[in-house]
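Q: Could you show me, step by step, how to read strands and the helices that link them?

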Amino acid sequence: MQQKYDLIWIGTGQATGTVVPKLVESGKTVAIAEGGKVGGSCVNYGCTPTKTLVASARAAHMARRGPDFGVETGPVSIDFNKVMARQNEIRNTTSQGLRDWLESLEGVTIYPEYASFEDKHTIRVGEQLIQGKTIIINAGARPRLIPIDGIEAVPWLDNVRLLNLSELPDHLVIVGGSYISLEFAQIFRRLGSRVTILEAGPQLIFREDHDIAAAIQEILQDEGIKIYLNAKPEQVEEYQEKKIQIHFSQDGKELDVTGSHLLLAVGRVPNSDTLNLEAAGVAVTDRGHIQVDEFLRTNQPHIYALGDINGEGAFTHTSVNDGEIFWDQYSGEGDRVLSTRIPTYALYIDPPLGRVGMSEKEARESGQDIWMATRAMERISRAREKDETSGMVKILVDMGSEEIVGAAILGVGGDEVINTFTPFMYTGQSYQQFRKAVLPHPTVAELLPWILYDLQPLNS
């Protein structure tokens, strides 16, 4: 006889810890299907381990910069095994802690198997079939593999395999020039590797404004990272002494680079193809993302899709918010919907990029009467005091409504300072109200209200 549950939860992405306790408190029985590590990509292969490595890399970088501040540190050496042990301890402890906590919740049953649909209400987990009145798909995404001639014959890395390295790469070659690529590039360069980036497009992080991308490229190149734009990998092969040679074309020229390790960081694909969604009649987009409505419902009203698999955010914080949107609709206790979410995220190179709302590129294409104010980080006292003056601030205002519609902060503390804007933008108040704020000196944030004095029309 098949076990029946009020709700089946497939995968354990970041919405899990937000919603499952509320379901339990409301008296629901919940089955969780997870064939991998509890916590999803963020805990195991993303935010937690990579930001731990970012911290180690920054410590090394600042130790080398000691003389800039009058501090003589002597030669800096890296204990790579200790660096990796630290991130493994943090991510593994976090994952196991989440599993133990979920197992302790009354009414929760964890099936340590990957799930697939048998029909609209029935899920296969290993050899068992279970049924759910409501089903949540929170199964995430995985690294994308691009078709390069010879790729299967070499020991290429993705973000998962890279985190299991036991020795520091002598020369890390990275295919791809977006968020994951740039974070790993700077991490391993600061830990002592030579690093080369091959980006197929004309700029790094193609979604960002050109001047932001150019500034980031300069930051990375100043640290000794070699960057090739318009570089299209054609073939890879093993080279002498277990090295990997990558043949690529750039602006009509045939070039090659030889590295000790090859990382593919060319985006992610949703895990929808592993779930037998056809059996449940769940619709997906051309790119494999599960189609959802304002409440994260699929075309089957009792089945929801949260997190990376729905293509509506692909960040930990958006996955958590997906859970909140689902809960509001499921419980009837709130009114959150997908369309009112303001996009915000950070790129965790050093200095970091914080972004919320529209980019300048999007603003110019919108046709709205949008004005922009900018300031270079080198003109902000707190940045000069820290001797971290790379980057810039941009603020965008719709002059029709007087609302702040976007901001970008590339510079010291940018990942934290951007949060000054986000809650304010949800209020819909005039930028002139923001201008009245008194913020502590000396900080980067204190200049944000003053920068608004410099607003100029974008499309004049």
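A: Begin with one unit: strand 9, helix 7 (residues 210-222) and strand 10 form a β-α-β unit that is right-handed, meaning that, with the strands pointing away from the viewer, the path from the first strand over the helix to the second runs clockwise. Helices (H or I, at least four residues) and strands (E, at least two) are DSSP runs, numbered from the N terminus. This is a predicted model, in which local features need pLDDT of at least 70, side-chain atom pairs count only at pLDDT 80 or more, and totals for chains, interfaces and linings use all residues. Residues are numbered from 1 along each chain as its sequence is written, and side-chain values use heavy atoms, leaving out hydrogens and water.

Q: In which sense do strand 9 and strand 10 pair, and over how many bridges?

A: Strands of a sheet pair through backbone hydrogen bonds, either parallel or antiparallel. Two strands count as paired if DSSP finds at least two bridges between them; strand 9 and strand 10 (residues 226-228) pair in the parallel sense over 3 bridges, and Leu198 stands opposite Tyr228 in strand 10.

Q: Which strand order does the open sheet have?

A: Its 4 strands follow the order 10-9-8-14, with parallel pairing. The edge strands, strand 10 and strand 14 (261-264), each pair on one side only.

Q: Why is strand 9 described as largely enclosed?

A: Buried means under 20% relative accessible area, exposed over 50%, and partly exposed in between (1.4 Å probe, protein chains only). Because 4 of the 5 residues of strand 9 (residues 194-198) are buried, this strand is largely enclosed by the rest of the structure.
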